[in-house]
Amino acid sequence: MTVTVSATLAVNEALNDKRRQGVRVLPLGFGEAGLPVHPVMRDQLTAGNGANAYGPVAGSGALREAAAGYWGRRGLPTDPDTVIAGPGSKPLLYSLLLEIGGDTAIAAPSWVSYAAQSRLVGQRPVMVPTATGQGGVPQPDLLHAAVTDAREQGRTVNAVVVTVPDNPTGTVADAETVRRVAEVARELDLIIISDEIYRDLVHVDARGDDRAVVHSPAEYAPERTVISTGLSKNLALGGWRIGVLRLPDSEIGRRLRGGLLGVASEIWSSPAAPVQQAAAYAFTEPAELRDHIDRSRRLHGTVARAVADVFTRSGATVADPRAAFYLYPDFEPVRERLSALHGVTTGPELTGLLLERYGMGVLPAAEFGESSTALRMRVATSLLYGDSEERRYAALAAGDPLALPWIRAHLDRLTEVLGSLLSEAPSAVIPAPKAVAQPVH
Ligand SMILES: Cc1ncc(COP(=O)(O)O)c(C=O)c1O
């Protein structure tokens with residue numbers, strides 16, 4: 001089957017075109033961490049460059065042990081034999097969907113790749129809405145109803161995917177929501193796939209306290225929860241391609257392990273050996289990397305909140321971002337004004353207008369599994385840190401990143417764009433650009 005290339009990359013392409021034409025752009029589309037590689041990780045990767053053997057399919061013993069320690073420190077004691085490493089959490093998630101089979105319940109909105117992967121393996125995803133502020137976790141009652149309904153129609157639904165913390169909303173579902181979803185999953189015998197790749201990027205408040213506590217469904221339904229994570233977000237190593245799965249220490253886990261290793265052995269053989277060596281070091285969480293991640297999450301939080309404030313002042317509603325580098329403003333409160341001023345009535349029309357007229361790249365809710373009439377959009381804030389390594393380092397080191405001239409200029413421009421959007425004279429709608437092949441993050 002064909003899966004079209006996702007919209008994130010398309011927005012990036014379109015922004016690059018605009019840049020080439022000399023248009024001032026606001027890069028809020030692409031979900032990369034936007035930060036440099038820590039020097040110690042460069043050294044670790046260099047040190048591993050002589051490792052040229054394939055190695056075990058599940059990943060090296062050192063990496064699996066280090067990842068087990070990482071989870072252990074988060075209250076989830078882990079046997080290294082239940083860990084499987086792969087070339088990014090994305091292919092691991094795909095292999096899981098393939099191995100579990102049947103259809104999968106997926107949150108709406110949620111990261112674009114779950115639904116795309118589900119279709120790739122021949123499934124029909126069951127989309128279940130989330131509640132505001134509880135991003136990434138389907139509303140438990142709606143999950144129950146949707147799965148029961150699908151089963152009554154003769155469909156097989158075997159799994160549910162949750163994302164804590166969440167992309168696209170930047171929110172963190174609370175303990176009660178996660179507990180209830182785990183309860184529903186147990187009642188309906190669903191495997192829970194818990195994508196926790198943003199777990200270490202919870203924002204910090206002025207007093208230095210975390211702005212949310214992450215609860216994994218593995219706390220409530222350990223026998224059926226598979227956790228995925230990686231280093232693409234906390235250490236900004238997306239291009240290194242490394243991810244890990246924690247399988248449940250149960251009958252379900254053992255069954256999945258055999259199947260997953262079969263898929264892995266036929267597709268990627270083993271993760272890249274030098275990267276595994278570096279990743280094993282990272283998962284031991286030495287002080288210098290913990291410090292780096294602490295600075296990153298402070299920066300993510302400060303900038304995400306400042307951007308959220310600009311949207312709120314413009315008349316949109318925004319759930320308070322508490323982790324990662326995203327927010328998900330909703331222009332529903334100004335729907336009539338958008339329609340009267342611009343003839344805009346759908347999310348893709350709104351994001352198309354923002355791109356064409358103002359060089360502002362964001363993604364409409366429709367890309368994340370929601371209706372195209374929703375006037376919500378995902379805003380990724382991490383590309384505001386700067387377009388050179390020097391600026392990104394400066395952003396990480398800054399006591400007040402909002403005072404850095406390039407970040408300030410982006411925020412001022414955003415204020416100007418949203419002000420102009422909602423106060424301009426009526427004008428024709430400019431259609432959204434044609435999708436160019438791109439991955440969405
Ligand atoms: C929710 C979520 N899961 C997984 C990934 C991909 O991670 P990896 O680089 O480990 O494949 C992303 C990247 O955008 C993501 O946002």
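**From a buried serine to the ligand site**

S95 is buried, with a relative accessible area of 1%, where buried stands for under 20% relative accessible area, exposed for over 50% and partly exposed for the range in between, using a 1.4 Å probe and protein chains only. This is a predicted model, in which local features need pLDDT of at least 70 and side-chain atom pairs count only at pLDDT 80 or more, while totals for chains, interfaces and linings use all residues. Residues are numbered from 1 along each chain as its sequence is written, and side-chain values use heavy atoms, with hydrogens and water left out.

S95 belongs to helix α4 (residues 89–100); helices (H or I, at least four residues) and strands (E, at least two) are DSSP runs numbered from the N terminus. The side chain of S95 comes to 2.7 Å from the backbone oxygen of P91, which falls within the limit for a polar contact (a pair of N or O atoms within 3.5 Å; within protein, one must be able to donate a hydrogen and the other to accept it, and residues adjacent in sequence count only if both atoms are side-chain atoms).

Now to the ligand itself. It is surrounded by 14 residues, and the closest are S89, D195, Y198, S232 and R241; a residue counts as near when one of its heavy atoms lies within 4 Å of the molecule. Sorted by class, this shell holds four nonpolar, six polar and four charged residues (nonpolar: Ala, Val, Leu, Ile, Met, Phe, Trp, Tyr, Cys and Pro; charged: Asp, Glu, Lys and Arg; polar: the others, Gly among them). D195 places a polar side-chain atom 2.6 Å from a nitrogen atom of the ligand, whereas the side chain of N167 has an N or O atom 2.8 Å from an oxygen atom of the ligand. K233 likewise has an N or O atom in its side chain 2.8 Å from an oxygen atom of the ligand. On its own the ligand has 400 Å² of accessible area, and the protein covers 98% of it (areas by the Shrake-Rupley method with a 1.4 Å probe; for residues, only the protein chains shown count as cover).

The peptide bond that runs from N167 to P168 is cis, with omega near 25°, and P168 sits in the loop between β5 and α7. P165 also has its place in the loop between β5 (157–163) and α7 (175–187), and a cis peptide bond, with omega of about -15°, joins V164 to P165. Most peptide bonds are trans, and most residues other than glycine have a negative phi. Against that background, D189 has a phi near 55°, a positive value in a residue other than glycine; D189 is in the loop between α7 and β6 and counts as exposed at 52% relative accessibility. E285 is not a glycine either, yet has a positive phi of about 55°; E285 is in the loop between α9 and α10 and is buried, at 14% relative accessible area.

Rings of Phe, Tyr and Trp (its six-membered ring) pair if their centres lie within 6.5 Å, with planes under 30 degrees apart called stacked, over 60 edge-to-face and the rest tilted. One of these pairs is Y70 with F283, edge-to-face at 5.3 Å centre to centre and 80° between the planes. Because Y70 lies in helix α3 (residues 61–72) and F283 in helix α9 (residues 273–283), this pair ties together parts that are 213 residues apart in sequence. Y70 and F283 are both buried.

For Y198 and F325, the ring centres are 5.8 Å apart and the planes stand at 80°, so this pair is edge-to-face. Y198 is in the loop between β6 (191–195) and β7 (225–230) and F325 in the loop between α10 (287–314) and β9 (326–327), so that the pair links distant parts of the chain, 127 residues apart. Both Y198 and F325 are buried.

Returning to Y70, ring pairs join Y70, W71 and F283 into a cluster, and the charged end of R74 sits over the ring of Y70 at 3.7 Å from its centre (NZ of Lys or CZ of Arg within 6 Å of the ring centre and within 35 degrees of the ring normal).
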